[in-house]
Amino acid sequence: MQTVRSQRKPSVNDVVSTLPLYRSAPALEVRLEDFELFAMDRLRVLKGISDGLSRGKRPEEMVKLEDELWRANMRHPQPSENMNKDIISHFVLRLVYCRTEDLRKWFLSMETTLFRYRFGKKNAEVQRALMAEFALSYKAVSNSEFESVKDKLVQVARSIGQKDLPTADTIFYKVPFEEVSELVATRRVFIHKGHAYIAANQVVSLVATQFRSHLSKALIWTNRKWTSTIREQENDRLSPIVEALSTSYLGPDYSQPKGFSEISVNDIEELAKSSFPLCMRHLFDKLREDHHLKHGGRMQLGLFLKGVGLKLDDALSFWKAEFSQKVGSERFDKEYAYGIRHNYGREGKRTDYTPYSCQKVISSTPGVGDHHGCPYRHFSEENLRAALSKMGVNSRAMEDVMDKVQNRHYQLACTLTFEAVHGASCDSGINHPNQYFSDSQKILQSKNPSTAA
Ligand code: SF4
């Protein structure tokens, strides 16, 4: 059993507060399997939050979602290990997400959102302990002081359109007004004798800002450490895990057809129109047009077709029928048939390769003459609009899709396309091209059993 030892002891506050601030990596022996599994569980939580936010969920819906995600993924079979899992998973993902600016930005934003929700759920005592950790030692306003300024506080709450007006149960803190300049500038607080009276829910913002700033610095530091020493020292053990985690796919395996029968060569044309996601539809169209696809395209489409149930012999005839029009059948047998057999685990190391997830497709970097990749990420706006319109996406849905694309939520853009094309919702979101296919088939089958594969 291989283990990883992290370097520094946790602070006392990390342990007592029940909401760690992740100031220092704990001195724990971690099994390599846990190193990866814990990180993937936390990633499920962060990805769920990211999806919820970009779907425009309301704050109360987000609190519920965060609760569900945390309960489903972050509980350890031994409750005493919950805290360790929390801390270890955070530090592993720091290694994974410190390596580029885009990764850092995403991780920073999701971890801060998660922290904000978790802080908001803590009782006043824990919140005060956490504030003290950030040197935010504000005093809670006593009952008698609250009564003396109550009218003013209610007045401010009304003026900013707050639904729940302050009562004797609402906790307020007195803060030097210059420390909450943003709240002062927008007249969201009552100020008296140099102090701003801020409600507990406004404190969350202050603490979250501190958390974000600490984590941001820590990510830069981790990146320096990673590039200067850790990566080299851990070349064989951690590096492959860390590399794989940033593009890891967390959903079901689509290497076998799910919930539908195998397909034959004759079905492909029809299925491409009805049930292929745009990435695969584009590859299929290009293959038909050019009778050729470069390596990246052959892999992406070939493994997808394998996952939707195209048998090896049918795959060979399908590719041969197209390629031989361009390169002749002899050259196809010599140069291309091997790659197809390889994908089905019949050549080389005999690995049964799995179809690519959205994350893998989205993070690919197609070059000139390549047609693989995710159209929501890799197409120009003009080409994407044309392709969506060809799929039957109406102009209203098109604007929603383009809005997601502009905000770089490519899988959500694909989900909205799915919903527009099928006239049905897809609550789980699209995470895998083969999931798009199988969900589409399920809907078509329920509408009209004779049209599905
Ligand atoms: S989001 Fe996924 S399924 Fe949709 S087009 Fe991109 S890679 Fe394909």
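Visitor: Why is α19 called roughly antiparallel to α20?
Guide: Helix α19 (residues 395-406) packs against α20 at an angle of about 165 degrees, and their axes are 7 Å apart. Angles over 145 degrees count as roughly antiparallel, under 35 as roughly parallel, 65 to 115 as roughly perpendicular, and the rest as oblique, so α19 is roughly antiparallel to α20. Axes are lines fitted to C-alpha atoms, for helices over the stretch in contact, and angles run from 0 to 180 degrees between N-to-C directions. Helices (H or I, at least four residues) are DSSP runs, numbered from the N terminus. This is a predicted model, in which local features need pLDDT of at least 70, side-chain atom pairs count only at pLDDT 80 or more, and totals for chains, interfaces and linings use all residues. Residue numbers start from 1 along each chain as its sequence is written.

Visitor: What makes the contact between α19 and α20?
Guide: On α19, Ala 397, Asp 400, Val 401, Lys 404 and Val 405 take part; on α20, the residues include Tyr 410, Leu 412 and Ala 413. Two residues are in contact if their C-beta atoms, placed from the backbone, lie within 7 Å.

Visitor: Why is α14 called oblique to α15?
Guide: Helix α14 (residues 312-327) and helix α15 (residues 329-343) pack at about 140 degrees, with axes 9 Å apart. That angle makes α14 oblique to α15.

Visitor: How many residues of the shell around the ligand are charged?
Guide: There are no charged residues in that shell, which holds 14 nonpolar and one polar. Ala, Val, Leu, Ile, Met, Phe, Trp, Tyr, Cys and Pro count as nonpolar, Asp, Glu, Lys and Arg as charged, and the others, Gly among them, as polar.

Note on methods
Helix = DSSP H or I, 4+ residues; strand = E, 2+ residues; numbered from the N terminus.
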